[in-house]
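The entries follow the order in which I looked things up.

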Amino acid sequence: MEFETRAIHAGQDPEPTTGAVTVPIFATSTYAQSAPGKHAGYEYSRTDNPTRHALAEALASLEGGAGSIVTSSGMAATSLIGWSLKPGDHVVIPDDAYGGTYRFFARVLARHGIEFTAADLTTAAGLQAALRPNTEIVWTETPTNPLLRISDIAVLSEITHEAGAALVVDNTFATPYLQQPLALGADLVVHSTTKYMGGHSDVVGGAIVAADLEVLEGLKFLENATGPVAGPFDAFLVLRGIKTLGVRMDRHSFNALMVARFLAADPRVERVIYPGLPSHPHHELAARQMKGFGGMVSFIPKGGPEKAASVSMNTELFFLAESLGGVESLIEIPSAMTHMSVIGTALEVPADLVRLSVGIEHIDDLISDLDRALGSP
Ligand SMILES: *Cc1c(COP(=O)(O)O)cnc(C)c1O
């Protein structure tokens, strides 16, 4: 079955007792057993819950993995993978990783003797220089946040495997509709389902999808042992979100391309960063690796940080807010908002950079809104 069909059907058969076509919210912590230790597959909801289970099946299908783990946030998914490391291990992360990912490795795992290197993963040489004999995980994000740099998953996976390490891809920005990291050789995919997978800015959630069953079993053990699981209501919201993922991503990608072209042609704008523009340094790789270029656009208006701040305060449809990936458009200044934690590090982003999460409103309204907010030159 094709992607759009699996998004609606994988793991989501009608509920057997009532025929409900939507997976119910199984709000229960425990399950009656017919004899001690004899049950229908569920014993306690930290271990498994039918609503969460349905979402896990659907996500595994969409990413083409052996199985998946549904967590209470994207960071819970990241930290669950962190539990699989031990003191003395080394991790490579991108030098413009999601701020929270950087903070987790730099300020949490580092205290437990797990070393990390932030490297430029857009080139093979960047990864090769960062690898050490004790490297266990290479962690990449593509496109990155907020600079939208693209790394070559197939190339990174080959180098990572030669070094005896595992490749983790944070697929939050692209989603499995636009990009399939496991098919390109990655071992694990991580998601913040808070973003495009949920898609309506009404839930915080995360997931890990594993290519290999044995790796999945190890993570399932850690899931049950550490407990970062999503509740059934949150799992339900993400399940509802993924049903429309394909149509939403098509519209996000179309609107973002139109916004990027508008900004690129505007004399009030210094620079536009969007993988779908031929001016993007990794445009060809993005076109090869992705089915579309996604809904995120970053740009630098002329006039410095003050102008950037003023644009962000003067849009009406683009809400000034953190997060991304919902149906509504958002605007933010990463250096003052989402990326405060990386100021003074290698991951610092320009103070005049504006990040847009382009929603699925009508494109004409979005462009008028930006046009107005850019004001006089
Ligand atoms: C938001 C985000 C995360 C963290 O996810 P939460 O759901 O906020 O915990 C991780 N990676 C990327 C790329 C993100 O955008």
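**Second largest cavity**

I listed the lining of the second largest cavity: P143, L148, F173, P275, M290, F293, G294, G295 and M296. I worked on a predicted model, where local features need pLDDT of at least 70, side-chain atom pairs count only at pLDDT 80 or more, and totals for chains, interfaces and linings use all residues. Residues are numbered from 1 along each chain as its sequence is written, and side-chain values use heavy atoms, with hydrogens and water left out.

I noted the terms. On a 1 Å grid over the protein atoms alone, a cavity is a set of points where a 1.4 Å probe fits but cannot get out, and lining residues have an atom within 4 Å of a point. Grid points are joined across faces, edges and corners, and a volume is the space filled by probe spheres set on the points.

The second largest cavity has about 40 Å³. I sorted its lining into seven nonpolar, two polar and no charged residues; Gly counts as polar and Pro as nonpolar here. Domain 1 (3-242) and domain 2 (246-374) both supply lining residues, so this cavity lies between them.

**Largest cavity**

I found four cavities of 30 Å³ or more. The largest holds about 60 Å³. Of its 13 lining residues, P94, D96, L121, T122 and T144 are the closest to its centre. By class, the lining has four nonpolar, four polar and five charged residues.

**Domains**

I looked up the domain bounds, which come from an automatic or database assignment. The C-alpha centres of domain 1 and domain 2 are 26 Å apart. Y177, L178 and Y196 supply 24% of the area that domain 1 buries against domain 2, more than any other three residues.

**One residue**

Leaving out residues up to four places away in sequence, L127 touches V92, D120, L121, V138, L156, I159 and T160.

Key:
1 Å grid on protein atoms, 1.4 Å probe; cavity = no way out; pocket = protein on both sides within 12 Å on 5 of 7 lines; lining within 4 Å. Contact = heavy atoms within 4.5 Å. Buried area = accessible area lost by both parts, 1.4 Å probe.
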